[in-house]
Amino acid sequence: MEQGPTTAIEPNTTRDHTEIMLEHLGVPISKCGLKTTVYPTSLINGGSWNIPGDFSSAAFWIVAAAITRESELQIKNVNVNPTRTGLLNVLKRMGLIYSIEDETLSGGEKTATIVVKSSSLEGTKVMPEEIPSLIDELPLLAVAATQAEGITEVTGAEELRVKESDRIHAMAVGLKKLGAQIKETKDGWIIKGKTALAGGKTRSYGDHRVAMALAVAGLVATSPLYLEGESCVRISYPGFFETLRKLTQNTKAKERIQS
């Protein structure tokens with residue numbers, strides 16, 4: 001153990017799962033604004049809790065339900081930690097119809113059931129200060145923006161250039177192939193909607209989030225989408241395509257995603 005406290009100061013609010021976990025285990029920790037201090041301790045108590053569902057995984061189904069006609073979906077036991085749910089805040093601004101139900105705490109983390117319905121979305125502007133809370137969901141937001149009336153502009157997301165792929169470029173290329181009106185900028189996109197997407201052949205660039213975001217876009221395509229490199233989804237969501245098939249087995253979208 002270190003002999004003195006350790007303090008971290010962030011430029012912006014980011015995910016605080018580690019701080020919550022340490023507090024749950026009894027580690028002395030204090031938070032004041034963007035400053036977090038961890039104090040040394042000679043003993044860390046044990047603990048147990050149920051691990052909630054990952055919001056980044058739930059996000060695919062949130063957007064899928066929002067842009068698919070006559071949809072309503074309940075997603076249970078989802079982590080709704082406010083440092084992770086920036087996508088919900090942006091989609092709410094765009095007109096998302098949703099509710100948070102049965103909220104509870106597990107190991108200090110907020111969990112809930114998210115209920116989402118088909119929604120008429122409108123374009124918005126996503127500012128740099130919002131990016132940390134939805135960085136992983138931005139490829140999905142780009143898909144939602146193609147189905148929103150008006151202009152959506154994302155700025156301050158240059159971090160996407162250095163993920164598993166250059167996600168700014170990958171999503172711009174992929175959505176353009178489906179007929180979207182999307183312009184790649186140095187730190188985001190400018191997307192004009194609402195656009196009827198076509199099917200066609202596109203690729204994942206070996207990036208799990210790009211692959212799953214494009215698969216969601218395929219749900220509203222007018223013809224089948226053929227996705228190359230879909231196996232990369234195993235990195236974060238091995239059962240993604242199985243879940244997709246189950247959710248769409250009784251809908252017109254069931255044959256639109258092919259690999």
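A: A residue counts as buried when its relative accessible area is under 20%, as exposed when that value is over 50%, and as partly exposed in between. With a relative accessible area of 40%, R93 is therefore partly exposed, whereas E130, at 18%, is buried. In this predicted model, the side chains of E130 and R93 meet in a salt bridge, with 2.8 Å from N to O. Because E130 lies in the loop between β8 (125-126) and α4 (138-146), while R93 belongs to helix α3 (residues 86-94), this pair ties together parts that are 37 residues apart in sequence.

Side chains of opposite charge can pair when their charged atoms come close, and the structure holds 13 salt bridges. Another of them joins E23 to K31, whose closest N and O atoms are 3.8 Å apart; here E23 is partly exposed, with a relative accessible area of 40%, and K31 is likewise partly exposed, at 43%.

A further salt bridge links K246 with E242, the closest N and O atoms being 3.5 Å apart. Both residues sit in helix α7 (residues 240-248), where, being four residues apart, they are separated by about one helical turn. An α-helix has 3.6 residues a turn, so residues three or four places apart point the same way. Of this pair, K246 is exposed, with a relative accessible area of 53%, and E242 is partly exposed, at 44%. Elsewhere, salt bridges that share partners join D136, E159, K163, E164, R167, D207 and R209 into one network.

Key
Residues are numbered from 1 along each chain as its sequence is written. This is a predicted model: local features need pLDDT of at least 70, side-chain atom pairs count only at pLDDT 80 or more; totals for chains, interfaces and linings use all residues. Side-chain values use heavy atoms; hydrogens and water are left out. A salt bridge is a side-chain nitrogen of Lys or Arg within 4 Å of a carboxyl oxygen of Asp or Glu. Buried means under 20% relative accessible area, exposed over 50%, partly exposed in between (1.4 Å probe, protein chains only). Helices (H or I, at least four residues) and strands (E, at least two) are DSSP runs, numbered from the N terminus.
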